[in-house]
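Welcome, and thanks for stopping by to look at this structure. Have the sequence and the 3D view open side by side while you read.

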2 protein chains.
Amino acid sequence: MKIAEMEQKFPEAFKQFTEVCSILENHYRDMQDMEFTVEHGKLYMLQTRNGKRTAQAALKIACDLVDEGMRTKEEAVAMIDPRNLDTLLHPQFDATALKSAQPIAQALGASPGAACGQIVFTADDAKAWKAQGKKVVLVRLETSPEDIEGMKASQGILTVRGGMTSHAAVVARGMGTCCVSGCGDIAMDEANKKFTLAGKEYHEGDEISIDGSTGKIYDGIIPTVDATIAGEFGRIMAWADEFRRLKVRTNADTPRDAKKARELGAEGIGLCRTEHMFFGEGRIDAFREMICSDSVEEREEALEKILPMQQSDFEALYEALEGYPVTIRFLDPPLHEFVPTDEADIKKLADTKGKTVEEIKNIIDSLHEFNPMMGHRGCRLAVTYPEIAKMQTKAVIRAAMNVKKNHPDWAIEPEIMIPLIGDVKELKVVKAVVVETADAEIAAAGSDLKYEVGTMIEIPRAALTADEIGKEAAFFCFGTNDLTQMTFGFSRDDAGKFLEAYYESKIFESDPFARLDQNGVGKLMKMAIDLGKGVNPNLHIGICGEHGGDPTSVDFCDAIGLDYVSCSPFRVPIARLAAAQAAISRK
Amino acid sequence: MKIAEMEQKFPEAFKQFTEVCSILENHYRDMQDMEFTVEHGKLYMLQTRNGKRTAQAALKIACDLVDEGMRTKEEAVAMIDPRNLDTLLHPQFDATALKSAQPIAQALGASPGAACGQIVFTADDAKAWKAQGKKVVLVRLETSPEDIEGMKASQGILTVRGGMTSHAAVVARGMGTCCVSGCGDIAMDEANKKFTLAGKEYHEGDEISIDGSTGKIYDGIIPTVDATIAGEFGRIMAWADEFRRLKVRTNADTPRDAKKARELGAEGIGLCRTEHMFFGEGRIDAFREMICSDSVEEREEALEKILPMQQSDFEALYEALEGYPVTIRFLDPPLHEFVPTDEADIKKLADTKGKTVEEIKNIIDSLHEFNPMMGHRGCRLAVTYPEIAKMQTKAVIRAAMNVKKNHPDWAIEPEIMIPLIGDVKELKVVKAVVVETADAEIAAAGSDLKYEVGTMIEIPRAALTADEIGKEAAFFCFGTNDLTQMTFGFSRDDAGKFLEAYYESKIFESDPFARLDQNGVGKLMKMAIDLGKGVNPNLHIGICGEHGGDPTSVDFCDAIGLDYVSCSPFRVPIARLAAAQAAISRK
């Protein structure tokens with residue numbers, strides 16, 4: 001029976017029902033999902049609860065409730081589940097087309113959004129096809145840092161191996177690109193550019209669709225529609241900004257990401273990973289030459305080639321940020337991530353360096369590490385090769401001075417962040433290199449540029465000795481991805497092998513890489529803040545791990561008094577809302 | 001001029017000199033190294049200082065000073081540098097033969113003592129040649145856990161790669177076997193069993209001598225002499241035992257090591273690494289079958305074959321310890337350390353399991369880890385494969401009951417130690433398996449055996465949450481090798497690449513794997529003790545990392561109130577002396 005029929009058939013009951021509705025909605029001050037029955041003309045209310053709703057509907061209801069004077073703005077902000085916003089920020093499958101589609105497989109929804117396109121098997125193909133105006137989905141066993149450019153060129157990424165925290169998943173979330181990972185059902189034959197799934201053989205150019213929210217994979221093309229940021233969304237965000245104490249920055253390495261993040265409300269860059277800049281066209285060759293150099297002079301010569309490119313990258317970032325702060329992290333990954341793997345590239349490098357292929361291969365072999373995550377990386381690179389830190393300092397300082405020249409009203413004050421510090425003496429050594437280089441650049445240019453040197457807190461020992469490190473650092477930024485790895489003693493690349501058993505045994509209730517472990521990692525963070533501020537009350541402190549975009553973790557960051565959280569561009573609205581809710585709950 | 005001449009030529013000055021000698025030696029209460037001159041019959045004393053001495057001489061002087069009433073026993077114990085004892089505990093080159101020998105190369109003295117013998121290139125050859133009564137020196141690029149048996153069969157070990165904390169170095173020190181590591185001058189050709197060094201080509205069977213104290217390598221045979229533990233050594237050790245508060249245990253996996261350690265004064269086993277037991281003849285095959293099993297039943301079947309062997313290993317250990325405590329650590333390394341690498345072994349395994357070589361290789365590949373140190377190991381194995389922990393529990397409990405039957409007067413109370421705990425829930429899950437299995441065994445045998453379940457503290461998070469873990473653990477044992485790795489965020493296998501630069505930049509003054517980092521790692525240890533004892537005052541606490549045999553670290557362990565240190569058998573006397581000195585200094 002429709003509600004209109006009820007009014008005619010049981011007018012008394014209907015009148016009573018509308019009264020009860022209004023009492024209940026006034027009482028709960030939210031849209032109600034009610035069950036009732038009418039027997040012998042008498043109304044019986046059976047149950048009532050707050051109505052479930054889509055993200056879009058939730059925003060509309062919250063705004064309506066404010067407009068109707070039922071809720072304050074503060075209450076409206078507190079009503080929205082920040083997790084739900086995720087779906088509003090990515091393309092979705094066209095609802096009608098989706099209804100008639102049958103999934104052929106299901107894997108992990110590793111990065112939300114929907115994507116459709118032609119299958120390619122390599123990052124290079126993805127770039128080439130994109131350049132030809134084609135839409136592609138990159139399908140790989142797993143991805144590596146060399147694939148970044150190809151991942152950017154793809155509508156979506158599908159991997160055979162890897163969990164929610166695999167390289168593909170993490171990078172895709174960072175880019176806001178749809179990703180389905182860990183599809184073990186795929187029988188992959190990368191060498192011959194084909195795979196079998198659900199009994200069908202797929203080749204390069206075949207069409208496929210994937211849903212990074214549900215993890216579902218579909219044969220053929222399901223058209224996608226871009227999500228719109230409707231009026232209510234903007235209103236709620238504006239209200240959220242009125243209440244939050246935490247600043248929200250973004251993790252962005254490119255002007256494109258930075259602009260997107262600014263549109264979504266980011267108030268600065270909390271983490272610019274410079275290594276991604278080394279993989280670009282023209283740079284990777286020079287960087288490989290540096291790696292295979294025999295002397296400081298040779299290394300400096302190779303780095304000299306990268307300097308202008310890196311400088312113009314930074315200039316573009318400063319332009320995109322329009323005076324908002326930019327934290328630039330110096331080179332972090334181990335050098336073996338940059339060496340060539342295919343024969344042609346090795347030969348090319350050998351020719352450039354005047355070495356034999358054998359010699360280049362020996363250098364590559366010598367870079368092998370047993371535990372790369374705990375190897376020769378981060379500030380350890382700057383200690384052994386200070387010339388890298390020098391080049392990066394020059395690039396940052398020159399870029400900042402140039403952009404400031406064009407925009408004297410922008411408050412540009414570079415924040416140089418040294419990764420993987422575990423001992424104050426490491427920071428002293430690297431900071432000395434940075435300061436000497438920066439001061440010389442500034443003096444030579446007759447500039448009055450100010451800059452800050454700070455550090456990541458991502459090694460347990462850095463947190464434990466923050467009373468020493470705090471004396472030398474202008475700021476701390478918690479790298480909670482690494483800090484979680486070291487504190488738990490497991491690598492996120494390998495944890496997939498046992499985490500399932502940990503959930504089954506109820507040892508873990510959530511993935512510590514997705515939701516901050518407040519008991520352990522959080523304890524180290526609190527220690528670091530207390531010890532650091534104890535010796536340096538001006539220390540500003542943020543977080544730039546993936547946790548910076550997780551609502552529960554943002555709440556914790558607010559509670560322990562961080563100054564800002566920094567997250568992927570597409571999580572900025574989530575962090576803004578979560579920060580507002582944290583501040584409201586703490587009033 | 002000889003001193004006897006002086007007496008005749010300058011009798012006055014000589015008389016005065018002997019008086020001054022006695023004044024100075026009484027004043028400094030130590031043997032003096034004095035400089036003086038006699039001019040115009042007048043004595044001028046120029047300088048005096050405590051005389052330098054060999055370890056043997058130091059012991060003799062200290063005993064003499066006590067016998068002469070110049071020093072108390074306590075003072076005598078405090079006079080000896082524990083580091084010096086190391087040379088007394090290993091074979092040395094015959095002094096005369098050494099004089100005429102010329103070193104052909106110099107590398108790192110990674111494990112003290114001298115060795116000579118015929119060159120072999122594989123662990124298997126070392127075992128085979130040893131069985132034929134030959135003395136061999138194992139020369140390899142680097143060693144791996146598979147080489148353990150061959151290392152045991154060798155007089156000494158020489159590696160091309162690796163530093164003071166490489167696998168070869170650490171294991172050799174543990175065994176008390178001489179090792180020279182990191183000899184980059186060797187041009188190695190392992191495949192053809194030859195290498196070139198100092199212009200000479202060496203083949204299998206050629207003779208070589210190495211000195212693990214100096215790192216020197218010699219062509220040909222220099223005979224060695226066994227060090228003797230002379231009377232003074234024993235006296236000083238006995239005095240040391242009167243003063244120390246810390247107990248000294250040993251890290252030992254075999255009855256041979258355990259007996260050696262008991263001779264050197266160990267009061268129990270602080271760490272028995274059971275994984276070494278899986279590499280032995282007959283076990284490794286069964287263990288590989290377990291790894292390649294498809295079901296719990298198959299795994300249990302394979303483990304059933306290992307059970308009696310592991311039980312008899314434990315029985316031999318309990319026999320060797322004669323009622324002193326034995327802490328048995330359950331399986332720790334990742335499974336890929338156990339899989340076969342050569343084709344014949346893979347074929348054999350495939351045949352046994354009724355699988356194809358391809359399938360076995362796929363299983364082996366699937367065990368690959370990006371960061372094995374932070375991978376699927378320790379208690380994570382027990383969570384995913386509880387049947388391993390069950391088998392090990394049965395073996396321990398049955399062994400203990402059997403030995404106790406023969407020696408009712410021995411206080412046998414197994415200490416089962418769960419490695420790599422990072423969260424109390426992990427310990428609860430694994431402990432439940434252990435307790436259920438142990439209690440069933442004990443009940444079935446009608447025994448009244450008591451046992452304890454404790455945990456390693458080697459993951460930073462375990463220290464940070466020791467107030468939770470302490471409620472479930474009967475004891476804590478600090479695994480400071482891993483704890484140092486995780487706290488600093490670097491792996492000791494890889495740190496060699498940058499530690500040199502760290503020493504040069506004065507960031508580090510000592511190797512944190514050799515000398516405990518009191519500022520960082522030590523802070524975690526103190527937290528763990530405070531938090532753990534806060535919830536469980538009966539908790540007994542020890543250390544079983546390599547630091548347990550380092551004098552400075554032993555002093556720290558005494559200061560923070562540990563109950564015992566555990567170290568390699570050959571470091572037990574050093575730890576006893578260091579523990580005594582720590583107690584004396586703290587009086």
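Does Phe36(A) count as buried, partly exposed or exposed? At 27% relative accessibility, Phe36(A) counts as partly exposed. Please keep in mind that this is a predicted model.

**Aromatic rings**

Phe36(A) has a ring partner, Phe17(A), and the two make a tilted aromatic pair, with 4.3 Å from centre to centre and 35 degrees between the planes. Phe17(A) sits in helix H2 (residues 11-28) of chain A and Phe36(A) in strand S1 (residues 32-39) of chain A, so their pairing ties together parts that are 19 residues apart in sequence. Phe17(A), for its part, is buried, because its relative accessible area of 9% falls under 20%. Over all chains, the whole structure has 30 aromatic pairs. Elsewhere in chain A, one aromatic cluster is formed by Phe488(A), Phe490(A), Phe498(A), Tyr502(A), Phe508(A) and Phe513(A).

**Salt bridges**

Now to the charged side chains. Over all chains, the structure holds 94 salt bridges.

| Residue | Partner | N to O distance |
|---|---|---|
| Arg244(B) | Asp241(B) | 2.9 Å |
| Arg244(B) | Glu267(B) | 2.8 Å |
| Arg329(B) | Glu275(B) | 2.6 Å |
| Lys425(A) | Glu509(B) | 3.7 Å |

What does the pair of Glu267(B) and Arg244(B) tie together? Glu267(B) lies in the loop between helix H11 (255-263) and strand S17 (269-273) of chain B, while Arg244(B) lies in the loop between helix H10 (231-243) and strand S16 (247-251) of chain B, so the pair links parts that are 23 residues apart in sequence.

The side chains of Glu275(B) and Arg329(B) also meet in a salt bridge. Glu275(B) belongs to the loop between S17 and helix H12 (283-291) of chain B, and Arg329(B) to strand S18 (residues 326-329) of chain B, so this pair ties together parts that are 54 residues apart in sequence. Both partners are buried: Glu275(B) has a relative accessible area of 5%, and Arg329(B) has 7%. Over in chain A, salt bridges with shared partners join Asp241(A), Arg244(A), Lys247(A), Glu267(A) and Arg576(A) into one network.

**Where the chains meet**

How many residues does each chain bring to the contact between chain B and chain A? Chain B gives 52 residues and chain A gives 52 residues. Together they bury an area of about 4,400 Å², and carbon and sulfur atoms give 58% of that area. Met374(B), Arg461(B) and Lys497(B) supply 15% of the area that chain B buries against chain A, more than any other three residues.

The rule finds four salt bridges across this interface. One of them is in the table above: Lys425(A) with Glu509(B). Between the two chains there are also 26 residue pairs in polar contact. Several helices of chain B each supply at least two residues of the side that touches chain A, among them helix H18 (424-445), helix H22 (496-504) and helix H23 (521-535). By residue type, that side of chain B divides into 22 nonpolar, 14 polar and 16 charged.

**Two backbone angles to look for**

Most residues other than glycine have a negative phi.

Technical notes:
Residues numbered from 1 in each chain as written. Chains lettered and ligands numbered in written order. Predicted model: local features only at pLDDT ≥ 70, side-chain atom pairs only at ≥ 80, totals over all residues. Heavy atoms only, no water. Contact = heavy atoms within 4.5 Å. Buried area = accessible area lost by both parts, 1.4 Å probe. Polar contact = N/O pair within 3.5 Å; in protein donor to acceptor, adjacent residues only side chain to side chain. Helix = DSSP H or I, 4+ residues; strand = E, 2+ residues; numbered from the N terminus. Nonpolar A, V, L, I, M, F, W, Y, C, P; charged D, E, K, R; others polar. Phe/Tyr/Trp six-rings, centres within 6.5 Å; stacked < 30°, edge-to-face > 60°. Buried < 20%, exposed > 50% of the residue type's maximum accessible area, 1.4 Å probe, protein only.
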